[in-house]
Amino acid sequence: QNGLIPARFVVNLGRLQNPDTQEAYIRTIGGSMAHEIGHSVDHRLGGRDFASELGNNERVNAVVDALLKTSAVAKLNEIKETGRSTISANGNSTRVRANPQYAAYLLEKKELFARAYHQYIGLRSNMKPISQALNETAANNPKYPLKWSDEEFEPIAQAFDNLFQRDNDGP
């Protein structure tokens with residue numbers, strides 16, 4: 001009503017569930033907020049809906065295009081199609097069952113944008129708690145690529161840099 005977010009909502013942003021076991025775990029509020037602010041930025045740039053979904057903003061489209069070219073997105077598409085994921089640890093790879101509906105959710109452009117924004121803010125701000133929150137979330141869900149490697153993320157970061165670059169026409 002008054003434009004404020006209820007405290008219970010903000011606190012709940014830090015509680016997540018593993019999509020396979022429904023086991024709850026906590027991540028830092030800073031990381032959750034970075035993700036949610038990513039959604040807010042995306043929606044604001046879209047006007048009436050998420051720009052990443054609408055495809056009506058050239059600079060947002062460049063971010064989405066960079067995201068869609070990644071191996072993380074390719075792996076999510078494989079999980080969505082097969083219900084299987086490959087986990088690698090200590091030089092060994094194991095095929096395991098994974099939730100295709102969760103993979104489909106993670107593939108929504110607005111979710112890709114928000115996760116990438118979270119990683120971008122952690123990278124460009126050098127705020128360790130934000131980056132750490134993303135690393136912990138990814139570690140708690142090894143079946144699903146929830147973040148990008150530094151090398152793979154660089155073109156995405158460049159696209160975000162261009163998105164936020166100020167010019168006479170605005171973003």
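Buried means under 20% relative accessible area, exposed means over 50%, and partly exposed lies in between (1.4 Å probe, protein chains only). This is a predicted model, where local features need pLDDT of at least 70, side-chain atom pairs count only at pLDDT 80 or more, and totals for chains, interfaces and linings use all residues. Residues are numbered from 1 along each chain as its sequence is written, and side-chain values use heavy atoms, leaving out hydrogens and water.

**Exercise 1.** Find how the rings of Tyr-102 and Tyr-105 are arranged, and where they sit.

*Solution.* Start with the rule: rings of Phe, Tyr and Trp (its six-membered ring) pair if their centres lie within 6.5 Å; planes under 30 degrees apart count as stacked, over 60 as edge-to-face and the rest as tilted. The structure holds 9 such aromatic pairs. In one of them, Tyr-102 and Tyr-105 are 6.1 Å apart centre to centre with 25° between the planes, a stacked pair. Next, look at accessibility: Tyr-102 is buried at 18%, whereas Tyr-105 is partly exposed at 36%.
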